Amino acid sequence: MKIKDDFILRKVADTYVVVPVNSMTLDFNGIINLNETGAFLFELLQKGATKEELLDKMLEEYDVPQKKASEDIDIFIQKVKDADILE
């Protein structure tokens, strides 16, 4: 899975935001707000991480049970798909 190149992640104060660039500014209205964990996953998806890689990295970075991490990643991936920002 990979985030479309027309979306970038920026930190604004204590908030992470995803904004469209290039031609996507015409098709995508608004911004997406992410927490720290969402930004962490987004950055991995920008590099084309698989679900398994996301899970491995999340378990390395955060003290969270594997089942909970997997469920949260599934929710995040679905939201990213719903926003149509995955290639």
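**Helix packing and the aromatic pair**

A: Tyr 62 is partly exposed, with a relative accessible area of 21%; buried means under 20%, exposed over 50%, and partly exposed in between, using a 1.4 Å probe and protein chains only. The model is predicted, so local features need pLDDT of at least 70 and side-chain atom pairs count only at pLDDT 80 or more, while totals for chains, interfaces and linings use all residues. Residues are numbered from 1 along each chain as its sequence is written, and side-chain values use heavy atoms, with hydrogens and water left out.

Tyr 62 belongs to the one aromatic pair that a search of the whole structure finds. Its partner is Phe 40: the ring centres are 5.5 Å apart and the planes stand at 90 degrees, so the pair is edge-to-face. Rings of Phe, Tyr and Trp (its six-membered ring) pair if their centres lie within 6.5 Å, and planes under 30 degrees apart count as stacked, over 60 as edge-to-face and the rest as tilted. Distant parts of the chain are linked by this pair, since Phe 40 is in helix α2 (residues 36–46) and Tyr 62 in the loop between α3 and α4, 22 residues apart. Helices here are DSSP runs of H or I with at least four residues, and strands are runs of E with at least two, numbered from the N terminus. Phe 40 is buried, at a relative accessible area of 16%.

Phe 40 also takes part in the packing of α2 on α3. Thr 37, Phe 40, Leu 41, Leu 44 and Leu 45 in α2 meet Leu 54, Lys 57, Met 58 and Glu 61 in α3, where contact means heavy atoms within 4.5 Å. By class, this contact has six nonpolar, one polar and two charged residues. Ala, Val, Leu, Ile, Met, Phe, Trp, Tyr, Cys and Pro count as nonpolar, Asp, Glu, Lys and Arg as charged, and the others, Gly among them, as polar. The angle between α2 and α3 is about 140 degrees, and their axes are 11 Å apart. Axes are lines fitted to C-alpha atoms, for helices over the stretch in contact, and angles run from 0 to 180 degrees between N-to-C directions. That makes α2 oblique to α3; angles under 35 degrees count as roughly parallel, over 145 as roughly antiparallel, 65 to 115 as roughly perpendicular and the rest as oblique.

The loop between α2 and α3 holds Lys 47, which counts as exposed at 70% relative accessibility.

Helix α3 (residues 51–61) also packs on helix α4 (residues 66–82), at an angle of about 130 degrees with the axes 10 Å apart. α3 and α4 are therefore oblique to each other, and α3 passes α4 in a right-handed crossing. On the α3 side the residues are Lys 51, Leu 54, Leu 55, Met 58 and Leu 59, and they meet Gln 66, Ala 69, Ser 70, Ile 73, Asp 74 and Ile 77 in α4. These divide into seven nonpolar, two polar and two charged.

In the segment after α4 lies Asp 84. Asp 84 has a positive phi of about 60 degrees although it is not a glycine, and with a relative accessible area of 45% it is partly exposed.

Key. A crossing is left-handed if the near helix is turned anticlockwise from the far one by less than a right angle, and right-handed if clockwise.
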